[in-house]
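Q: I am new to this structure and would like to learn how to read it. Can we go through it feature by feature?

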Amino acid sequence: MSAVIETSGLGKSYGAHLAVESLDLEVGRGDVFGLLGPNGAGKTTTIRMLTTLLAPTVGSARVCGFDIATNAREVRSRIGYVMQTVAYRGLLTGREWVEIEACLYHVPRKEVRHKAEEALGAVGLLPDADRRWTEYSGGMKKRLDLACGLLHSPEVLVLDEPTLGLDVQSRHRVWDYVREQRDRGATILLATNYLDEADRLCNNVAIIDRGVVVVEGTPADLKRAVGADLVQIKTDNAERLRTVVAGEPWIKDIVMADSGSLHLYVEDASLALPAVMRIGLEQGIELEQMTYSQPSLDDVFLLHTGRELRETENAS
Amino acid sequence: MTVDEAALGERIPAVRVVTRSEARSRWMQEVLALVRRWWIELLRERLNLVFSIAQPAIWLVFFGAGVERAIDTRVIGTDDYISFMLAGIIAFTIVGNGVSGAMPLLWDKETGYLDRLMSMPIARSSVIVSRFVFQVAQQSVQITLVVAVALVLGVRIESGPLGLVVILLAAALLTMSVTAAFSALAYAVPQHGTFFAVVGFISLPLLFMSNAFVPLDAMPFWMRVVARINPLTYAIEAMRILVIEGWSGRIVSSLGILAVAAGICLAVGTREFRRQTGDRVRG
């Protein structure tokens, strides 16, 4: 069995309001799978269905091979779920919470202390383990939730916008955490509306909008589909370079920029760069500087929904 | 996993079979973990702890000192009003605790921690049961204290030390009814505002429509009818007999009715809990 999460026609409606229309997803073992989309796209509803908190109105889904509707308990014991909003945890200390939740995950009594230390260590909270939750900063509270998601070494980690509202340092910590869990062999479902985050962490993403998958693939493939990469070259002999490369099959378009640098629009910059260098060397054209840029997932979103992600965020 | 699913030839991974004793020990672990949580939360709120433990004893003193003289002792059937009031104060305490005991559940629901709990592989009953266990324990301390104060004030418990144990039992049964009922309310309401409105509306009538402060015989007929369907009445009756008269067969029938009431409230509580989590998948 390769798919750890598979959904077929999964949907949820509240009366006339359609939160998720019909989702077909397949997340492979060991994937870091990004669920992308603007606020209100149906990410959280999807996650609440996959974590058995919400019964779907249509379709079905399996997590680790278990049906979310008929085998909810088996699903729950295999997932670690970190909610979007930090859970309120009152007057207890970080360590107390982690130990209590370890017991709720049926960690054998003798191992509870050790397991708690391990989870707190994984998110760098050991030095603050005995402080009360109320004294924690926003980033620390989030990290405590992340630690609690690890207590039963889950096969699947479900993270709902884990870096929302965090400072840069805390975001990096969360990213490290995701990578560590991936290296441990966990499958990770990551909902986010930060495209750069998905780009950094995910090997597969599905962009959803209004409860349907708009497009799915690796970040690189999706960006490639947007169109051309851009290679900018600074050289003292731009005109000559232009004529030499003009006939190459990988060139889509050439523009001489006002600044005097040559802009090559190419299919794949990673292939174009060495080719340009080789040609320069062969023809004796000195290349002073080369830079390239790829389209971002923002461009992907724009292409497939006709809307900018930021605009949608502001609108909702 | 059902046989039907297997027959359909769907891919179903191996489920590690959990034996009954293993399931029981897991459930115990869940309940104890949650009780630990409630316990630590109470300890960290020192003022809450002090006031809630001491309150019933203080009430007894105020009532005893203030109201006793205004009471016609022929109506209450004993010339010691504090002996009469003791059971009423205990019931009063239990109602108050029922409200404050449901609040953490209401709070978990509103802050989202309930969702966190529901995403865990725990039995749905652990949350409510842990609350019962905690409440009964906390209340037993309160009741022991209020009885001690009563003894100092000269009350004699006719049924002796064993009677105190049965008083605690009656209190525990009433606690189950009241805690289950208020927990059900906490889960049923859309927001805490409704909870407090309803609680404010029913708490005092619940007490006055019982024999807490006035014996049933002294009530007008319609009020007596209402009091007779109020579980508080049976708990108070049992406790009061144990204090004033000693052992009697009526205690058994009162406790029996109380147990039925506890069962009904528990069923309603569980139903509301399921309804609250009803849009979710069963455990």
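Q: This is a predicted model. What percentage of the 316 residues in chain A do buried residues make up?
A: Buried residues come to 45% of the 316 residues in chain A. As a general idea, nonpolar side chains in soluble globular proteins tend to be buried together.

Q: Which residues have the most contacts inside the largest nonpolar core?
A: They are L190(A), A91(B) and A235(B), in a core of 148 residues. Helix α8 of chain B, residues 160-188, gives the most to this core, namely 15 residues. A second, separate core has 10 residues, among them V231(A), V245(A), A269(A) and V276(A).

Q: What does A235(B) touch, not counting residues up to four places away in sequence?
A: A235(B) touches A91(B) and L258(B), and also A170(B), A171(B), L173(B) and L174(B). Of these, A91(B) is itself listed with A235(B) among the residues with the most contacts inside the largest core.

Q: How many helices and strands does the secondary structure of chain A come to?
A: Chain A has 12 helices and 14 strands. Its C-alpha atoms fill a box of roughly 75 × 50 × 40 Å along the principal axes. Of the contacts in chain A with a separation of 6 or more, 68% are between residues 24 or more positions apart.

Q: Which domains does the domain assignment of chain A give?
A: The assignment gives domain 1, covering 3-223, and domain 2, covering 228-293. Between the C-alpha centres of these two domains of chain A there are 44 Å.

Q: How many residues of chain A are in contact with chain B?
A: In chain A 30 residues are in contact with 30 residues of chain B. On the chain A side, the elements that give two or more residues are α2 (72-76) and α3 (94-104). By class, that side has 18 nonpolar, eight polar and four charged residues.

Q: Where in chain A is confidence lowest, and where is it highest?
A: The general idea comes first: where pLDDT is low, the predicted coordinates should not be read in detail. Chain A averages a pLDDT of 87, and 96% of the residues score at least 70. Confidence is highest in α3(A), at a mean of 95, and lowest in helix α12 of chain A (residues 309-315), at 48.

Q: Over which residues of chain A does pLDDT stay under 50?
A: pLDDT stays under 50 over residues 311-316 of chain A. For this stretch the model has eight contacts beyond four places in sequence.

Methods
Residues numbered from 1 in each chain as written. Chains lettered and ligands numbered in written order. Predicted model: local features only at pLDDT ≥ 70, side-chain atom pairs only at ≥ 80, totals over all residues. Core = buried A, V, L, I, M, F, W, Y, C linked by C-beta atoms within 7 Å. Buried ≥ 20, exposed ≤ 12 C-beta atoms within 10 Å, placed from the backbone. Helix = DSSP H or I, 4+ residues; strand = E, 2+ residues; numbered from the N terminus. Contact = placed C-beta atoms within 7 Å. Nonpolar A, V, L, I, M, F, W, Y, C, P; charged D, E, K, R; others polar. Domains from an automatic or database assignment. pLDDT = per-residue confidence, 0-100.
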